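Work through the exercises below with the sequence and the structure in view. Try each task before reading its solution.

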Amino acid sequence: MGTWGSLIVGAILGVVFDICIKGIWKIIIRRKEVEDNNHINISGDWFAAWQTSVDNQQLLNTESLKIKQQGKNVVVNNCERAPENPRGGYLWRAKLQFYQGRYLMGWYFPLKSENNSSKGIMYMTHFSQRKEFYGKWIGSGYDGELEVGFLVFAQTREGAKEKLEQLIQNHPHDVKVIGYDM
């Protein structure tokens, strides 16, 4: 084999070695992130219940979700528009971070196909024994550019809505204002 052949073989081996090292490094990082999350994997089918409003009237939306977790990175897709909110419901995706097996935070935005400008951030706390998340969202919505409300992720639609109703009942002072008009 000539000099050129040796150079080509060396370059190919270098590229293969680089790909292998990067792959191993990703596996190590993901394992560390899973350890940081107490080995909790939240991937799967969930349901969300949102406190929102349309025409300044409170609505409690429910939606089915698909959650995919890779290490601390979590992607949430809703699978349907809220049946309770035909005018204000839309398909959305969220990109979140899962910290210490307890805190889920990040942003959500509509799918491009929805022709909708609603978007915002969410912060939730995970209760692993009950397989539930409770928290709040803040963002733009049907009634204005700055809205806020409670949010629950649970294993069933009924469970999510029930927990949301309990949050609202137990914290009425936190839900007086849903949307802010400027």
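**Exercise 1.** Count the helices and strands, then give their order along the chain.

Solution. The model is a predicted one. Its protein chain holds two helices and nine strands. Following the sequence, the order of these elements is α-β-β-β-β-β-β-β-β-α-β.

**Exercise 2.** State what share of the protein chain counts as buried.

Solution. A residue counts as buried when its relative accessible area is under 20%. By that cut-off, 39% of the 182 residues are buried.

**Exercise 3.** Find which residues and elements make up the largest nonpolar core.

Solution. The largest share, four residues, comes from β4. A second, separate core has 10 residues, including Ala-154, Ala-160, Leu-164 and Leu-167.

**Exercise 4.** Describe the largest pocket by volume, lining and residue class.

Solution. First, the volume is about 240 Å³. Second, 19 residues line the pocket, with Thr-52, Asn-61, Asn-85, Gly-88 and Tyr-90 nearest its centre. Third, the elements giving two or more residues to this lining are β1 (44–54), β2 (57–70) and β7 (132–141). Finally, sorted by class, the lining has 10 polar, six nonpolar and three charged residues.

How values were computed
Residues numbered from 1 in each chain as written. Predicted model: local features only at pLDDT ≥ 70, side-chain atom pairs only at ≥ 80, totals over all residues. Heavy atoms only, no water. 1 Å grid on protein atoms, 1.4 Å probe; cavity = no way out; pocket = protein on both sides within 12 Å on 5 of 7 lines; lining within 4 Å. Points joined across faces, edges and corners; volume = space filled by probe spheres on them. Nonpolar A, V, L, I, M, F, W, Y, C, P; charged D, E, K, R; others polar. Core = buried A, V, L, I, M, F, W, Y, C linked by side-chain atoms within 4.5 Å. Buried < 20%, exposed > 50% of the residue type's maximum accessible area, 1.4 Å probe, protein only.
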